[in-house]
Amino acid sequence: MDNDNEVKIHQEVMMFLGDEVSLIHHNSQGQSYNIEKEYEKTRKNHSGFSIILLVSSLIVILAVAFVMSMVISSKNHDIKVSLEDFEDLNLKNLLNSVSAAQTSYDSALKVVARVDSDYSSALKDAELSRNNEIFVLDSLHLDSSQDYENRLRVINQRYEETIEALREDYSVKRKEAEEDAEMFRQALSKFDASAIESAGDTASLDSESQLHKLELKSQEDKYEKRIAQLEAALQNQREKNQEDMRVAINQVVEKYQAEIDKLDPKLSDSTANAIIYGETSQSKESFNGSEVLSQNEISEDSFVNAVSDYQKKYNQYMYLDDTVASIPQKYSIPEYVSAARSLVNSMSDSYMDTTLSYYEEKSALNQKIEEGKEEMGRRQQLYEQVMTNMLTGLKSNAAILSGSGYEDIIIYLAPQARYLVTEEEGAEAEFKLEKTSVKGSIIHEKDDEITGQPVYRFVVAEDKEGNLPELDFSLLIPGQTVKILSK
């Protein structure tokens, strides 16, 4: 066997050397070296020492191999099978599948935990939002308890709707996460315990894989720790923002409440309160002067015009009052405005009552005046009849009624002679004052305001020099006749 190998090697060497061997044979002048023959010569050469040496070497090698195997076995006593056996049995893929299934199952459990964490965070956010809305509602300081309860009911209803929506969304997400986890758990449960244990042992053998997993685990722990820190920081920031918001709201409320208190103060005045109580206890209707005049059948211009002017001013006041009343004030100002309106309505009623009373009084006085005029007319007729009869007996148509000065000589003129007095010149006349004849003219000065009868006055004529004659009016006797010179 060994010789055959040697022959084979020789042939390969000959193929490699080629022409070099031919050249050597040529140079050796016909003396060639036959290696096959030489090997055949050594075929019978056997040495016992070589055999002993070979056997000894083999024994030493086996001993060393056995010792090394024992040492490795003692250090790796947990290793029951080798990688070659796994490869032969096609178990390496199984272990990879177990490891992947375990990883997927762990990830699915983390997803379930994350869903629970997100749900708890969402619940806290909803509760925080509701608390903030209630805080803002309390900051409004509403006076109406019913309004407060209605708003609080809306806030709680919105919170309940949010919780219900979160609960429905969470139930769907958690069901999906649990289904995924259950799917991976069932996949993992299909592997037997020995395969899972072997997967763990193999993972411990594969140092590179173990190092990679340790790095991944370290990175995962690092990220989870960072996420936890960020969530804690976010929660702290939420709490801080909530506190800042409440402080800001309180500051705004205090600031604007002070402004509101100035614009809508709470007044405390006992006199004003008594007025307000006295006015608000009585219901006053709005003033309508034209309706009152119509009901009392008053159409006199003076009254209608006066009431119309008052109605105009009242309407202007009501316009301004409505504007002020429309301002959302709730403390003392509305009471003052209402009392002021009631007072104005009371004054309007008093004005109208006074107007009606004045109209009635005027009507009564006018009635008496008319009656007096009728009486004066009768007396005037009697007076003129007496005067006419007296003047007829004296053969005169005029007589002096009174005279205290040049501008105050009043004349009675009989009706039948009044036509003689013209508007331009009057009627020339004269009368005797003792032995002095006083000349002048009778003029129509005016009509009596009460009787309506004409009033005549004697105007003394000037002399040629333009001077009035000197008269002693104490000698002027009422009833003295006056002679009319005009015809």
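**Aromatic rings and a helix pair**

Phe287, Tyr310, Tyr314 and Tyr351 come together as one aromatic cluster. Keep in mind that you're looking at a predicted model. From that cluster we'll move to a serine, then to a pair of helices, and then to some ring pairs elsewhere in the chain.

**Around Ser348**

- Ser348 is part of helix α13, which covers residues 332-394.
- Is Ser348 buried or exposed? Its relative accessibility is 0%, so Ser348 counts as buried.

**How α12 and α13 pack**

- Helix α12 (residues 301-325) packs with α13 at an angle of about 175°, and their axes are 11 Å apart.
- Angles over 145 degrees count as roughly antiparallel, so that is how α12 and α13 are described relative to each other.
- As for the residues in the contact of α12 with α13, 17 are nonpolar, 4 are polar and 4 are charged.

**Ring pairs**

- The count of aromatic pairs comes to 8.
- One of them is Tyr119 with Tyr170: the ring centres are 4.0 Å apart and the planes sit at 20°, so this pair is stacked.
- That pair links distant parts of the chain, since Tyr119 is in helix α6 (residues 92-139) and Tyr170 is in helix α7 (residues 145-189), 51 residues apart.
- Tyr119 is buried, because its relative accessible area is 16%, and Tyr170 is buried too, with 19%.
- Which kind of pair do Tyr406 and Phe473 make? Their ring centres are 5.0 Å apart with the planes at 85°, so the pair is edge-to-face.
- Tyr406 lies in the loop between β1 (398-403) and β2 (409-413), while Phe473 lies in the loop between β5 (454-460) and β6 (481-484), so the pair ties together parts that are 67 residues apart in sequence.
- With 27% relative accessibility, Tyr406 counts as partly exposed, whereas Phe473, at 16%, counts as buried.

**A charge over a ring**

- Where does the charged end of Arg130 sit? You'll find it over the ring of Tyr159, 4.1 Å from the ring's centre.

Terms used. Residues numbered from 1 in each chain as written. Predicted model: local features only at pLDDT ≥ 70, side-chain atom pairs only at ≥ 80, totals over all residues. Heavy atoms only, no water. Helix = DSSP H or I, 4+ residues; strand = E, 2+ residues; numbered from the N terminus. Buried < 20%, exposed > 50% of the residue type's maximum accessible area, 1.4 Å probe, protein only. Axes fitted to C-alpha atoms, helices over the stretch in contact; angles between N-to-C directions. Parallel < 35°, antiparallel > 145°, perpendicular 65-115°, else oblique. Nonpolar A, V, L, I, M, F, W, Y, C, P; charged D, E, K, R; others polar. Phe/Tyr/Trp six-rings, centres within 6.5 Å; stacked < 30°, edge-to-face > 60°. Lys NZ or Arg CZ within 6 Å of the ring centre and 35° of its normal.
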